[in-house]
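Hi everyone, thanks for coming.

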Amino acid sequence: MRYADGHKQAVRERIVRGAAKALRKRGVAGIGIPALMKGAGLTHGGFYGHFKNRDALVAEAIRAAGAETEQGTFGVGASLAEALGRYLSLAHVDHPEQGCVVAALAAESARQAKPVRRAFGQVVKGLVRLVDAKLHPGREAGSPLSHAALRLSATMVGAVVLARAVDDEAFAERILEAARASAP
C-alpha cells in the first residue's frame, strides 16, 4: 500500500508528540517504546523505521516539549508577567504532561545518555534565552545571557519542582507566589 506524501513525517511527529507528553508525565524511565507506539496507533516493530534508538526518540521529544513551552508560555506578544503567570501557576504544577520539560525532568537529565543530555541542555539554554528576551526586549541576538535571566529561570524551574514536591496546595501556591514576587 502506497502512502500519501508526508505520511511518514506525520507519523513521526505523532510519535514525538506522544513521547513528549509521556516524558513530562512519567519521566524518562516511564516511557516504553511498545506503549508509545500503541498510543500512536502503530506497532512496536514500526519504531525503528522512524528512530535509530530510544535515546534518539527521547532527545527529539525533549526538544519538541521545549518548543511547546516556548509557544504556550512565552508565545509572541506575551509579556514577562503573562509568561510568569502561566509558568508559575497551579495549572502548570498539576499538569506536568502539558508543561515545561525542564521542570518535569531536570533531576533525571544528568543520568541520561549523551544525546538526551545534549537535547536537554539545548532546551535549558532555550528557556533561559526566552526569559532573557522578556527581561531585555530589543537586546541584540547572540548577546551573553544575563545573570538576571539565569537567576529568574532557576527560580521558575525550582519553584515548580518544589510546588510539585509538596502535598499541600496552599503551600504550593505560596511557593509559586514567592517566585512570582521575586521577578523584576
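**Helix packing and the core**

Okay, let's start with α3 and α7: their axes come within 8 Å and cross at roughly 10°. Quick note before I go on: this is a predicted model, where local features need pLDDT of at least 70 and side-chain atom pairs count only at pLDDT 80 or more, while totals for chains, interfaces and linings use all residues. Residues are numbered from 1 along each chain as its sequence is written, and side-chain values use heavy atoms, leaving out hydrogens and water.

Helices here are DSSP runs (H or I, at least four residues), numbered from the N terminus. Axes are lines fitted to C-alpha atoms, for helices over the stretch in contact, with angles from 0 to 180 degrees between N-to-C directions. Under 35 degrees counts as roughly parallel, over 145 as roughly antiparallel, 65 to 115 as roughly perpendicular, and the rest as oblique. So α3 and α7 are roughly parallel.

Who's touching whom? Contact means heavy atoms within 4.5 Å. On the α3 side, Ile62 and Phe74 are among the residues involved, and they meet a set in α7 that includes Phe120, Leu127 and Val131. By class, that contact has 12 nonpolar, 2 polar and 4 charged residues. Nonpolar covers Ala, Val, Leu, Ile, Met, Phe, Trp, Tyr, Cys and Pro; charged is Asp, Glu, Lys and Arg; the others, Gly among them, are polar.

Now, how do α7 and α8 cross? Their axes come within 9 Å, at roughly 120°, and that makes α7 oblique to α8. The contact uses Leu127, Val128, Val131, Asp132 and Leu135 of α7, and from α8 a group including Ser153, Met156 and Val157.

Let's zoom in on Ser153, which sits in α8. Is Ser153 buried or exposed? Buried means under 20% relative accessible area, exposed over 50%, partly exposed in between (1.4 Å probe, protein chains only). Ser153 is at 5%, so it counts as buried. Leaving out residues up to four places away in sequence, Ser153 touches Leu127, Val128 and Val131.

Last bit: the core. A nonpolar core is a set of buried Ala, Val, Leu, Ile, Met, Phe, Trp, Tyr and Cys residues joined through side-chain atoms within 4.5 Å. The largest one has 53 residues, and Ile62, Tyr87 and Leu88 touch the most other members. The largest share, 9 residues, comes from α7. As for Tyr87, its contacts beyond four places in sequence include Leu127, Met156 and Val157.

Methods. Helices (H or I, at least four residues) and strands (E, at least two) are DSSP runs, numbered from the N terminus.
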